[in-house]
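Q: Can you walk me through this one? I'd like to start with the charged side chains.

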Amino acid sequence: MNDFRYYTPTRVEFGRGVETKAGELVKHFGGTKVLLHYGGGSVKRSGLLDRVIRSLDEAGVAYVELGGVVPNPRVSKVREGVALGRKEGVDFLLAVGGGSVIDSAKAIGYGLAYDGDVWDFYDYKATPAACLPVGCVLTLAATGSEMSDSSVITNEENGKKRGVNSDLCRCRFALMNPELTFTVPAYQTASGCADIVSHTMERYFSGAETVEPTDSVAEGVMRTVIEMAPRAVKTPDDYEARAAIFWASSLSHNGLTGCGRGGNGRVGDWACHQLEHELSGMFDVTHGAGLAAIWSAWSHYVMPAAPARFARFARRVMGVSEPDDEKAALAGIAAYEAFLRSIGMPTDLRGLGLTLTDEQLDALAYNCSFEGTRTIGSFRILKQADMREIYRLAR
Ligand code: NZQ
Ligand code: ZN
């Protein structure tokens with residue numbers, strides 16, 4: 001087992017009605033003037049925003065609203081939030097929505113604590129030294145941003161989608177009422193489930209090593225999502241399925257499923273995420289669906305590096321009983337692909353509606369390798385040419 005640090009400071013309130021605690025918790029964490037941040041309207045239609053505002057009013061917390069965050073959140077909206085936050089003297093960011101809204105709020109938090117342009121952090125020209133406190137009312141099970149140290153933002157001027165990781169941005173609190181996810185459409189639900197499993201896989205496939213307690217937790221989280229996803233897709237108001245997936249989203253990305261495992265600089269492999277971020281940066285695809293579309297090509301490409309690890313996944317997560325490791329590994333990959341298809345997820349880029357030219361493959365690999373200056377992955381280290389080959393196999 002590698003040495004590790006497990007730090008997960010977010011206070012989680014989970015269950016029916018917890019959104020009414022927003023005002024009290026903002027106050028508890030020192031907020032007096034909130035930037036209330038949300039997306040394209042789902043929180044208005046559901047009446048959630050009104051309930052959150054009532055809770056702020058009851059707690060005597062002032063607020064200013066900024067809606068309009070889009071999936072794959074844009075730096076232009078972040079800059080708007082920074083300007084508004086400065087003008088209004090905001091001291092707390094409250095995100096009401098999915099991962100995009102939370103990530104945008106985290107970025108505004110960085111921007112408000114910095115004199116330069118917030119994109120400097122996402123372009124890796126500067127490292128954040130501070131972030132205003134962020135809290136969230138989560139409405140979608142997917143990214144784990146409610147407990148993660150990440151914020152992922154897209155610069156619409158150049159199609160670059162980049163993540164910044166730092167404990168500074170971790171949510172002070174996350175309010176998670178599974179009923180709020182009943183209205184998430186089937187495709188978005190399935191994409192979220194693909195993302196959740198992927199966050200655990202990225203750590204599970206960090207390398208060939210075994211870290212028994214961590215691996216067993218990871219396998220349980222993956223089995224849970226694979227069992228519950230079809231239920232949530234078929235019956236949107238299945239509370240137990242929604243609740244299981246919701247909590248799995250947090251467990252998958254708060255570090256728990258990586259404790260003691262290896263990586264390439266950061267715990268985990270993260271190649272699928274890096275490959276996907278180029279896709280959603282360039283083509284604005286849904287993140288979880290993009291991960292599903294790339295996974296099959298990635299897994300076939302890297303599996304020969306350590307078939308026994310894929311065989312363990314096949315046997316313990318996908319129920320494969322084949323004794324030979326290589327055959328079991330392939331059967332596990334096929335079984336996971338079948339799961340993805342069963343919930344309406346693509347397993348190649350065509351399934352995402354993309355028909356890529358050779359030039360586009362070159363551009364994706366060039367961008368993903370940061371113009372040929374970095375490798376990605378740790379299960380198998382991937383250079384620019386490997387990245388291109390995986391995109392080609394996924395085409
Ligand atoms: O904008 P509204 O109207 O709210 O609609 C949203 C949006 O269209 C809708 N939605 C959310 N909750 C709903 C709902 N519709 C009905 N009922 C509800 N309860 O769903 C759509 C997608 O929302 P979005 O927030 O974009 O989805 P998600 O949570 O999957 O976030 C995706 C973003 O997070 C990044 C992704 O790359 C992507 O940019 N990630 C963030 C991570 C992190 N911070 O730790 C890690 C991830 O790997 C990921 O990269
Ligand atoms: Zn993800």
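**Charged pairs, strands and helices**

A: Start in helix α4 (residues 75-88): Glu 80 and Lys 77 are three residues apart there, so about one helical turn separates them. Helices here are DSSP runs of H or I with at least four residues, strands are runs of E with at least two, and both are numbered from the N terminus.

Q: What kind of model is this, and how are residues numbered?

A: This is a predicted model, where local features need pLDDT of at least 70, side-chain atom pairs count only at pLDDT 80 or more, and totals for chains, interfaces and linings use all residues. Residues are numbered from 1 along each chain as its sequence is written, chains are lettered from A and ligands numbered from 1 in the order in which they are written, and side-chain values use heavy atoms, with hydrogens and water left out.

Q: OK, back to Glu 80. What does Glu 80 form with Lys 77?

A: A salt bridge, with the closest N and O atoms 3.2 Å apart. The term means a side-chain nitrogen of Lys or Arg within 4 Å of a carboxyl oxygen of Asp or Glu.

Q: Why do such pairs form at all?

A: Side chains of opposite charge can pair when their charged atoms come close.

Q: Is Lys 77 buried or exposed?

A: Lys 77 counts as buried, because its relative accessibility is 15%. Glu 80 is at 41%, so it counts as partly exposed. The cut-offs: buried is under 20% relative accessible area, exposed is over 50%, and partly exposed is in between (1.4 Å probe, protein chains only).

Q: How many salt bridges does the structure hold?

A: It holds 27. Another one joins Arg 392 and Glu 389, whose closest N and O atoms are 2.8 Å apart. Both sit in helix α15 (residues 384-394), three residues apart, about one turn of the helix. Arg 392 is partly exposed at 37% relative accessibility. Glu 389 is partly exposed too, at 25%.

Q: Which residues are linked in a network of salt bridges?

A: Glu 209, Asp 215, Arg 261 and Arg 309.

Q: And what does Arg 162 meet?

A: The side chain of Arg 162 meets that of Glu 278 in a salt bridge, 2.9 Å from N to O. Arg 162 is in strand β7 and Glu 278 is in helix α10 (residues 271-283), so this pair ties together parts that are 116 residues apart in sequence. Both Arg 162 and Glu 278 are buried.

Q: Let's switch to strands. What stands opposite Arg 162?

A: Ile 153 does. Its strand, β6, pairs with β7 (residues 160-165) in the antiparallel sense, over six bridges. Strands count as paired if DSSP finds at least two bridges between them.

Q: What about the turn between them?

A: The hairpin of β6 and β7 has four residues between the strands, and Gly 159 takes a positive phi near 70° there.

Q: Why is β6 largely enclosed?

A: Six of the six residues of β6 (residues 150-155) are buried, so the rest of the structure largely encloses this strand.

Q: Which way do the side chains of β6 point?

A: Ser 150, Val 152 and Thr 154 point one way, while Ser 151, Ile 153 and Asn 155 point the other. In a regular strand the side chains alternate between the two faces of the sheet.

Q: Now a helix. How many residues of α9 are buried?

A: Twelve of its 15, so α9 is mostly covered. Among the buried ones are Tyr 239, Ile 245, Phe 246 and Leu 251.

Q: What covers them?

A: The cover includes β1 (11-14), β5 (134-138), β6, β8 (173-176), α7 (186-204) and α8 (212-234).

Q: What does Thr 189 contact?

A: Thr 189 lies in helix α7. Setting aside neighbours within four places in sequence, it contacts Val 184, Ala 232, Val 233 and Arg 242. Contact means heavy atoms within 4.5 Å. Thr 189 counts as buried, at 5% relative accessibility.

Q: Last one: where is Ser 378?

A: Ser 378 is in the loop between α14 (358-368) and α15. At 17% relative accessibility, Ser 378 counts as buried. Not counting residues up to four places away in sequence, it touches Ser 206, Gly 263, Asn 264, Gly 268 and Asp 269.
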